Amino acid sequence: MTNTAKADVVIIGGGIIGAAIARELSKYSVDVVLLEKGPDVAMGTSKANSGILHAGFDAKPGTLKAVTNVRGNQLYRKLHKDLGLDIKYTGSLVVAKTAEDMETLKDLLVRGNENNVPGLEILDKETVLKMEPNLAQDVAGALWAPTGGVICPFGATIAFTENAVRNGVRLQTECLVEKIAVEDGKVIGVETSQGFIAAKYVINAAGVHADDISRTAGDNSFSIRPRRGEYVLFDKAVAKLVNTVIFPTPSKVSKGILVSPTAHGNLFVGPNAQDIDDKEDVATTPDGLQEIISGARRVVPNLPLNASITQFSGLRAAADGGDFIIKQSDSVIGLIHAAGIQSPGLTAAPAIAEIVGNILREQGMTLNEKADFNPVNPPKSKFHALTNEERAQLIAQNPLYGRVICRCESVTEGEIVDAIKAPCGAKTVDGVKRRTRAGMGRCQGGFCGPRVTAILARELDMPVTAVRKDTNQSYLFFDKIPASCEVKSNG
Ligand SMILES: Cc1cc2nc3c(=O)[nH]c(=O)nc-3n(C[C@H](O)[C@H](O)[C@H](O)COP(=O)(O)OP(=O)(O)OC[C@H]3O[C@@H](n4cnc5c(N)ncnc54)[C@H](O)[C@@H]3O)c2cc1C
């Protein structure tokens, strides 16, 4: 059995919610272990969503969604700097086209004011078209939310986890929680694919699987249906098509298809909303892609489809009641749910983490602040963002920064090695991609994929045939790597 056989708190799920909770608890003198069934954090919904830092005018006042959205948006202001997050405060516009849409904007404004969203304003047609000249010319006006923005969702999950690990949280990947063990109505630990871990408190942040996990403890109080949302991502060359996050006027069931810049300077359109049965089905479909493209073109007619570089989809964890479930289980002492975390869960994550901390206190846990808690992640070298002088200095310190591995995104070997060696470091090709952007560009890893594989094999001291793209059996090579893709020793 490993040294994680005992902990004060076990967190199940390395998505943005589990990661934010781990980071929150790392402020205190408690022994926390974060368990993730995949080989990396941010492999579920937290890697495939709109990445919008929502302002908070959408959720019904008084709901957990509303309260945590607005608080989370505020908390990210400091986290942005401390954790080195990729965030752009672009603001957002909800665009109206008809008189009926304009009435809906007024309702959203009232709702947003009730939720204490700062700076909301309804703009007239001329102002909107001045801000966004590529919008459909028949817009009637828009709701402007200056605190809206865009954030890199997987980068944030990795950054929360890295900071938690730096502050003493133990991360165990490839650790599937099979059962929450309960005795006399109280949690006693978890049975996992890596053995039993004793703990008095278990936090269920298992995303679309949170209901399955809950049932293993005998708590059947909620169920979760996956609701898939598909996207098309566009090349950076067309990112200037819009400057802010553009929502259509929402319908009763959906926020509608957005057109938005990403935190890294691409553009995306999506998502749609499809109720499905399979909690692992993240395929994209021809009908779904057609639906989002048509939806996007109603707002931005000149969408250049030939500039699309990839498609993807993510699964909303739709719980019965619609609101987030953040509470101590009604039937099992020590089991705390952070479940049903649909949109705006990414924005709300730091506020959800605060609530979970408070629930632990209410349940009798003593949370003493650590004197040596360090809220800051060390800055990462980002070669593409440096001046030539800064690049030369970096290369003089370490020649690996002089070898560009990903040409589309200008990512160097030095940055890839840093990403592998960091706490919560990359172990897969997609793990490197999520940390450095190697493979995120126009060629989608066609050029750098084999080279990244070779660097992973060298740094992790494993054969290239053991390096995976992402999950279980996703090996990339059956034999040796082609000579043209070999990388030098970094000695
Ligand atoms: C289409 C779409 C668009 C969205 N857009 C936005 C947006 O713009 N802004 C916003 O704020 N929010 C948005 N969201 C919501 C946001 O993405 C989610 O709220 C958030 O990612 C949920 O994080 P999570 O940690 O709960 O789940 P996940 O990220 O799914 O994490 C759960 C983790 O638990 C692990 N796990 C599951 N079972 C087990 C087990 N038995 N043992 C060990 N590990 C396990 C999984 O592998 C996974 O890594 C969107 C969601 C979707 C789907």
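This is a predicted model: local features need pLDDT of at least 70, side-chain atom pairs count only at pLDDT 80 or more; totals for chains, interfaces and linings use all residues.

A polar contact, as the term is used here, is a pair of N or O atoms within 3.5 Å, where within protein one atom must be able to donate a hydrogen and the other to accept it, and where residues adjacent in sequence count only if both atoms are side-chain atoms.

The overall picture comes before the details. The protein contains twelve helices and 23 strands. Its radius of gyration is 23 Å, close to the 23 Å that the globule rule gives for 491 residues, so the protein is as compact as a globular protein of that length.

The chain is divided into two parts, with domain 1 covering residues 1–379 and domain 2 covering residues 383–466. To their contact domain 1 gives 21 residues and domain 2 gives 14 residues. The centres of domain 1 and domain 2, taken over C-alpha atoms, lie 27 Å apart. Between them the two domains bury about 1400 Å², and 55% of this area is on carbon and sulfur atoms.

How many residue pairs are in polar contact between domain 1 and domain 2? The count is seven, with both residues of each pair at pLDDT 80 or more. On the side of domain 1 that touches domain 2, the elements giving two or more residues are α5 (153–166) and β19 (308–319), and α5 supplies the largest share, six residues. Four salt bridges are found across the interface of domain 1 and domain 2. Asp-40 and Arg-435 form a salt bridge in which the closest N and O atoms are 2.8 Å apart.

Some details of the backbone remain. Most residues other than glycine have a negative phi, and most peptide bonds are trans. The peptide bond from Gly-270 to Pro-271, however, is cis, with omega near -5°, and Pro-271 sits in the loop between β17 (267–270) and β18 (274–275). Ser-343 and Pro-344 are likewise joined by a cis peptide bond, with omega about 10°, and Pro-344 is found in the loop between β21 (335–339) and α8 (345–362). Asp-184, a residue other than glycine, has a positive phi near 50°, and its place is in the loop that runs between β10 (177–183) and β11 (186–192).

How values were computed
Residues are numbered from 1 along each chain as its sequence is written. Side-chain values use heavy atoms; hydrogens and water are left out. Domain bounds come from an automatic or database domain assignment. Contact means heavy atoms within 4.5 Å. Buried area is the accessible area (1.4 Å probe) that two parts lose on being put together, summed over both. A salt bridge is a side-chain nitrogen of Lys or Arg within 4 Å of a carboxyl oxygen of Asp or Glu. Helices (H or I, at least four residues) and strands (E, at least two) are DSSP runs, numbered from the N terminus. The radius of gyration is taken over C-alpha atoms; the globule rule is 2.2 Å times the number of residues to the power 0.38.
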